[in-house]
Amino acid sequence: MKRIRAAITGIHGWVPEYVLTNEELAKMVDTNDEWIMTRTGIKERRIQREPGLGTSDIGAEAVKGLLEKTGTKPEEIDLLICATVTPDYAFPATANIISDKCGLKNAWSFDINAACSGFLYAMQTGAQFIQAGTHKKVVIVGAEKMSMMVDYTDRATCVLFGDGAGAILLEPTTEEVGVMDVILKTDGTGRQYLYQKGGGAVKPASQETLDFKEHYVYQEGQSVFKFAVVGMADVSAEIMERNNLKSEDVAWLVPHQANLRIIDATARRMGLTKEKVMINIDRYGNTTSATIPLCLWEWEDRLNKGDNIILAAFGGGFTWGAIWLKWALNGKK
Ligand SMILES: CC(C)(COP(=O)(O)OP(=O)(O)OC[C@H]1O[C@@H](n2cnc3c(N)ncnc32)[C@H](O)[C@@H]1OP(=O)(O)O)[C@@H](O)C(=O)NCCC(=O)NCCS
């Protein structure tokens, strides 16, 4: 019997309309376009400004578009997994709310929090249900409203993040396409460098957590940078080596979009030229779980069946990893 693999059979993305430019940020904090561009590669990011809307609204837009595009009825979906660090509520899961907003009557659903590696963790989880033969249509959505946990008076973090969502449909295939290999890693000793200090079980919300602005992203940028630049490059090289993939065999690198310098270092380590690297950090900034599916969505028309694609991420936790994927969709559109 042929092995069942999980293949991406549809992809869609969504970002809010409002564009927050470097120029506008320079009016809010002591920064400038030149600093932001040279240190991060970010020019602008999208922000969800409408009051009363949450991450589920951003995610639901991506999922609705995905269903429409692939001609999938909502009731056909067996499972929806949402990767997010900005859930609508501590509970219920944002995945439950997205499922409701999209009419997924027959799906069960849950959230995964692995910070910037969330999409890779969720994709591997979903792929397992497909490979086991128990699920036929699984939606993975990376959705974030990062603006809700960004302090727009802190120049060190407010320039980095943006809002958005990307969703994929995973289905079984017996062809030699889809998820080929996966490496995922966790090192919880990194938690001190990138996290939200207040509002969780260790430090529940209080006047003190509000006064010390502990409900925002806290990041020691330089420390995270050092780990990220090594971690993402190492894991990408490792997945190539153990599968005997040479740089000429790889059609695309889809890196998490946290910092252009980290992306460049990963591509160099893999021996890839710039033309093979998907980069949209300039337009969206770091959308955490959404960066990788947003890239795939924007590059979809340039992908061919059988293309070897390496997805790679590094994030808070620390979490990091890489997925080797053979693109399953037929030809260029
Ligand atoms: C955040 C990051 C862009 C900062 O870049 P950096 O080169 O490390 O900059 P530093 O934090 O060392 O700051 C250098 C100087 O710029 C200043 N600075 C920080 N943010 C600034 C801004 N937006 N505009 C102008 N100056 C700024 C700092 O105050 C510091 O000034 P000082 O030298 O007078 O103290 C970078 O560290 C980074 O990308 N880190 C990793 C992020 C990441 O991958 N996260 C994981 C996934 S989410």
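A polar contact here is a pair of N or O atoms within 3.5 Å; within protein, one atom must be able to donate a hydrogen and the other to accept it, and residues adjacent in sequence count only if both atoms are side-chain atoms. The views below come from a predicted model, in which local features need pLDDT of at least 70 and side-chain atom pairs count only at pLDDT 80 or more, while totals for chains, interfaces and linings use all residues. Residues are numbered from 1 along each chain as its sequence is written, and side-chain values use heavy atoms, with hydrogens and water left out.

**View 1. Asn-259 sits in the loop between β11 (252-255) and α9.** Helices (H or I, at least four residues) and strands (E, at least two) are DSSP runs, numbered from the N terminus. Look for the polar atom of the Asn-259 side chain that lies 2.9 Å from the backbone oxygen of Arg-39. Contact means heavy atoms within 4.5 Å; leaving aside neighbours within four places in sequence, Asn-259 is in contact with Arg-39, Thr-40, Phe-225 and Ile-281. Is Asn-259 buried or exposed? Asn-259 counts as buried, at 9% relative accessibility. Buried means under 20% relative accessible area, exposed over 50%, and partly exposed in between (1.4 Å probe, protein chains only).

**View 2. The ligand has 22 residues around it.** A residue is near a molecule or strand if one of its heavy atoms lies within 4 Å of it. Thr-31, Arg-39, Arg-155, Gln-222 and Asn-259 come nearest. An oxygen atom of the ligand is 2.5 Å from an N or O atom in the side chain of Gln-222. For Trp-35, the distance from a side-chain N or O atom to a ligand oxygen is 3.4 Å, and for Arg-261 a side-chain N or O atom is also 3.4 Å from a ligand oxygen. Taken alone, the ligand exposes 970 Å², and the protein buries 74% of that. These areas come from the Shrake-Rupley method with a 1.4 Å probe; for residues, only the protein chains shown count as cover. Helices α2 (33-40), α6 (155-158), α8 and α9 each supply at least two residues of the shell, and α8 gives the most, with four.

**View 3. Leu-253 and Ile-310 touch the most other members of the largest nonpolar core, which has 43 residues.** Such a core is a set of buried Ala, Val, Leu, Ile, Met, Phe, Trp, Tyr and Cys residues joined through side-chain atoms within 4.5 Å. β8 (178-186), α8 (221-242), α9 (260-270), β12 (308-315) and β13 (319-326) each supply at least two residues of this core. The largest share, six residues, comes from α8. Beyond its neighbours within four places in sequence, Leu-253 has contacts that include Thr-266, Met-270, Val-277 and Ile-310. A second, separate core of 36 residues includes Ile-168, Val-179, Ile-292 and Trp-327.

**View 4. The cysteines form zero disulfides.** The rule asks for a pair of cysteine sulfur atoms within 2.5 Å. Cys-158 is in no disulfide, and its nearest cysteine sulfur, that of Cys-116, is 17 Å away. Cys-158 is buried at 1% relative accessibility, and Cys-295 is buried with a relative accessible area of 0%.

**View 5. Pro-204 is found in the loop between β9 (194-196) and α7 (207-211).** Not counting residues up to four places away in sequence, Pro-204 touches Gly-199 and Thr-209. His-215 is eleven residues from Pro-204 in sequence and 10.0 Å from it in space, C-alpha to C-alpha.
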